[in-house]
Amino acid sequence: MLKTPIARGVALATLGATLAIPTMAQAAFIEDTKAGLELRNFYYNSDNRTNASTAQSKQEEWAQGFILRVESGFTEGTVGFGVDALGLLGVKLDSSGDRVGTGLLPGDFATGSEAPDDYSSLHATAKMKISKTILKVGAIEPKNMAIARSDSRLLPQTFEGAQLISKEIDGLTLDVGYLTEQNNRNSSNYEDITYAGKGGVAAGEPEDFKFAGATYTLMKNLTGAYYYSNLEEAYKQHSFNLIHVLPISDNQSLKTDLRYARSTDDGSSTVDNKALGAMVTYSVSGHSFGLGYQKMSGDTGFAYAGASTDPYLVNYVMLSADFANADEKSWQARYDYNFAAMGIPGLTFMTRYVTGDDFGPGGNSKEWERNTDIGYVFQEGALKNLGVKWRNGTYRSSNNSDRDIDQNRLIVSYTIPLM
């Protein structure tokens, strides 16, 4: 039985919404309701290898997260109504003032603030459905080319606003949204959406964020997408994506992912960027071999919105490097293996190496990053569906030696279905 205040709050909010809906329309609303509690234990250790005596040389924290999701069905009728709720609780297991800043917990080394014992937030979303079109208002968790909330720490990032997704035409998905605030992954409070790009903002504060996009299946194995987005007072962006999967045989395929984004100034900013990216992946019998290329051009680096969001770049990877500085060119080599191919389902492995150059003062700066992930999800027994993942990363830069990083993350997660 759930005893935390946040769990009780979510349950009461959902119950109240249910009681407010006429009894005749409740059948589908209740029958289709889903609820689950994810337990996420996260250890984070980062050796920043800094040479500056005043800089933070180490980040290390350990925390326990609780993510309670309740997603209702829709009431019956031409127009269906529903409500979703998200309860988030983070509990400190180990931290100190000289090791904060991992993104797991609140706390800031620069200001001397230590992480609290716990932090929590409660989010609600009202939703309406007509045919194959769904409108959500309240807490939004977007995941598209224009903006993608981060879920790579203890708790997920959320936004406040509205989003409409329509699939009325077969093969076509329309996605429109208006976001006003962000709740960062280690925060209990909503705040203004920030600009997170690589340079280009001279003055003025970013305001609301809006986007509109379409994804269309052009052919059986070919999908195209276009998004327009605008962070007011910061930038306007046009993004294009083309994905093609060529089946070679029963267990072989070749995937091509092409991306292009054009970002320009808005309001008082000086954003000017063209971002080109390509990733080709050959898959055979559990193995995947990928090769990526990314090029920035224009006066500034790539533009994107929201602290800690995941920019839609082929070379956006684990640590501090998105390889999106002005004029930077970068390459990626990646290898994945799914051990289900050799009779061990649930075990996966990934390693990649990214290197970038031609940016910074005089165009002489270089940087590289290496990542390795090993994960296993128990398939049966008492530990069924328990996931364990170890992530290791190394980053080096000739442009700023204070950012050299050696990092390890250990994540253990388990979701308890409640409904």
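I248 comes out partly exposed, with a relative accessible area of 46%; the scale calls a residue buried under 20%, exposed over 50% and partly exposed in between, using a 1.4 Å probe and protein chains only. The model behind this is predicted, so local features need pLDDT of at least 70 and side-chain atom pairs count only at pLDDT 80 or more, while totals for chains, interfaces and linings use all residues. Residues are numbered from 1 along each chain as its sequence is written, and side-chain values use heavy atoms, with hydrogens and water left out.

I248 belongs to strand β11 (residues 235-249); strands here are DSSP runs of E with at least two residues, numbered from the N terminus. Leaving aside residues up to four places away in sequence, I248 touches S253, L254 and Y282, where contact means heavy atoms within 4.5 Å. D208 sits 40 residues from I248 in sequence and 45 Å away in space, C-alpha to C-alpha.

T309 is a buried counterpart, at a relative accessible area of 4%. The loop between β14 (287-297) and β15 (329-338) holds T309. A polar atom of the T309 side chain lies 2.8 Å from the backbone oxygen of G306. Again setting aside residues up to four places away in sequence, T309 touches I147, A148, S150, Q157, F159, Y304 and Y316.

On the strand side, β19 (residues 405-417) has partners in both β1 and β18; pairing takes at least two DSSP bridges between the strands. With β1 (residues 34-47), β19 runs antiparallel over 12 bridges, and F42 stands opposite I411 in β19. With β18 (residues 387-397), the sense is also antiparallel, over 9 bridges, and here K389 stands opposite I411.

As for rings, a search of the whole structure turns up 12 aromatic pairs. One of them joins F209 and F211, tilted at 40° between the planes and 6.2 Å centre to centre. Rings of Phe, Tyr and Trp (its six-membered ring) pair if their centres lie within 6.5 Å, with planes under 30 degrees apart counted as stacked, over 60 as edge-to-face and the rest as tilted. Both F209 and F211 are buried, and together with Y227 they form one aromatic cluster.

Charges over rings also show up, taken as NZ of Lys or CZ of Arg within 6 Å of the ring centre and within 35 degrees of the ring normal. The charged end of K127 sits over the ring of F74, 4.9 Å from its centre. R259 lies over the face of Y312, at 3.8 Å from the ring centre.

Key: Helices (H or I, at least four residues) and strands (E, at least two) are DSSP runs, numbered from the N terminus. A polar contact is a pair of N or O atoms within 3.5 Å; within protein, one must be able to donate a hydrogen and the other to accept it, and residues adjacent in sequence count only if both atoms are side-chain atoms.
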